[in-house]
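Hi there,

Here is the structure I promised to pass on to you. Have a look at it first, and then read on for my notes.

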Amino acid sequence: MSLFAILLACSDNTLVVDGAEDGAGADPAAEEELDLTWDNARLVIEEPLSGAFLPMEEDSAFTAVVMGADGTVLDFPGVTWSSDVDTGWALAGAAAIDGQLALGIHAITAEALLPNGDRLAYTVGGVLKQSVYAGVYVGALTVSAEAEYNGTPISVGCSGPLTLIVDAEGETATGDAGCLLSLLGYDIDTAYDFALDNDAGALSGEAAIDLSFYSLPVATEGTLTEAGELEGTFGADVAGFVALDASYSATRITRDLSTIE
């Protein structure tokens with residue numbers, strides 16, 4: 001028998017396609033090339049960064065890259081994205097756009113299954129998704145009161161702390177303030193409860209005045225900026241005896257609503 005016939009008889013009849021043997025494992029040269037390209041590769045999320053704020057009113061970009069051991073960016077679009085909070089949210093692609101991520105604080109994970117079989121993952125935490133207006137606002141309320149006693153005009157005023165909470169959707173602002181008015185020898189501890197609606201930065205609603213002996217809801221208007229500045233005014237005639245004029249202003253001290261009990 002010829003040498004060719006002997007070799008053919010010992011063959012397992014495999015088919016070599018693009019350097020890989022069907023049924024006999026990968027071609028060693030191809031495996032070596034895969035190892036050179038993908039071994040010790042790493043996955044990095046470029047955006048968002050940990051602690052990033054993602055405005056509810058805008059789509060957000062999610063970008064990740066796979067880098068080779070030498071730092072070269074490799075062409076690998078097969079990245080998948082997930083959230084620890086919004087389990088129904090998922091994206092695919094090294095660069096993807098989100099329009100549906102739920103409001104809240106997320107840990108965002110990108111994963112990649114490489115051609116050499118390695119699975120990579122990278123997570124960024126503290127990613128906050130909510131309205132540009134949302135947050136905790138702290139400032140002051142200033143009140144001036146005018147009255148008349150036995151034909152003598154009296155003017156007094158006070159100032160006190162103000163705290164307002166704008167909800168995650170940026171639709172409402174609620175909170176309270178207070179200050180101590182000294183009028184005609186009496187110290188009146190005044191309190192104010194705010195319930196405001198926000199329409200793209202235009203505030204309107206009610207400031208309920210509690211004077212201990214008298215409660216009065218009054219209309220108030222103001223403004224709220226995306227940069228986190230809030231201000232407004234209101235006035236009231238208390239029982240035809242005291243005229244109140246008030247103004248308030250506050251600055252956002254944090255976007256994190258999880259600090260509120």
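This is a predicted model: local features need pLDDT of at least 70, side-chain atom pairs count only at pLDDT 80 or more; totals for chains, interfaces and linings use all residues.

Strands S7 (residues 79-83) and S10 (residues 104-113) are antiparallel and are joined by 5 bridges. In general, strands of a sheet pair through backbone hydrogen bonds, in a parallel or an antiparallel sense.

Which sheet do these strands belong to? S10 and S7 are part of an open sheet of 5 strands, with the order S4-S11-S10-S7-S8 and mixed pairing. At its edges are S4 (53-55) and S8 (90-92), each of which pairs on one side only. From one strand to the next, the twist averages 30°.

S15 (residues 186-199) and S16 (residues 202-210) are antiparallel, with 9 bridges between them. Asp193 has Ala208 of S16 as its bridge partner. These two strands make a hairpin with 2 residues between them, and Ala200 in the turn has a positive phi of about 55°.

S16 also pairs with S17, again through 9 bridges and in the antiparallel sense. Here Ile209 has Leu216 in S17 as its bridge partner. The hairpin of S16 and S17 has 4 residues between the strands, and Ser212 takes a positive phi near 70° there.

**Backbone details to check**

Two other spots in the backbone may interest you. Asn40 is not a glycine, yet it has a positive phi of about 65°; this residue lies in the loop between helix H2 (28-38) and S3. The peptide bond from Glu47 to Pro48 is cis, with omega near 0°. Pro48 itself is in the loop that runs between S3 (42-47) and S4, and S4 is one of the edge strands of the sheet described above.

**Charges**

How many salt bridges does a search of the whole structure find? The search gives 1. Lys129 forms a salt bridge with Asp98, and the closest N and O atoms are 3.3 Å apart. This pair links distant parts of the chain, with Lys129 in S11 (residues 119-130) and Asp98 in S9 (residues 95-98), 31 residues apart. As a rule, side chains of opposite charge can pair when their charged atoms come close.

Which residues form a negative surface patch? They are Glu57, Glu58, Asp59 and Glu226.

Best wishes

Note on methods
Residues are numbered from 1 along each chain as its sequence is written. Side-chain values use heavy atoms; hydrogens and water are left out. Two strands pair if DSSP finds at least two bridges between them. Axes are lines fitted to C-alpha atoms, for helices over the stretch in contact, and angles run from 0 to 180 degrees between N-to-C directions. Patches are made of residues with over 30% relative accessible area and no salt bridge: like charges are joined within 9 Å, nonpolar side chains (Val, Leu, Ile, Met, Phe, Trp, Tyr) within 5 Å. Accessible areas come from the Shrake-Rupley method with a 1.4 Å probe; for residues, only the protein chains shown count as cover. A salt bridge is a side-chain nitrogen of Lys or Arg within 4 Å of a carboxyl oxygen of Asp or Glu. Lys and Arg count as positive and Asp and Glu as negative; His and the chain ends are not counted. The place of a charge is taken as NZ of Lys, CZ of Arg, CG of Asp or CD of Glu.
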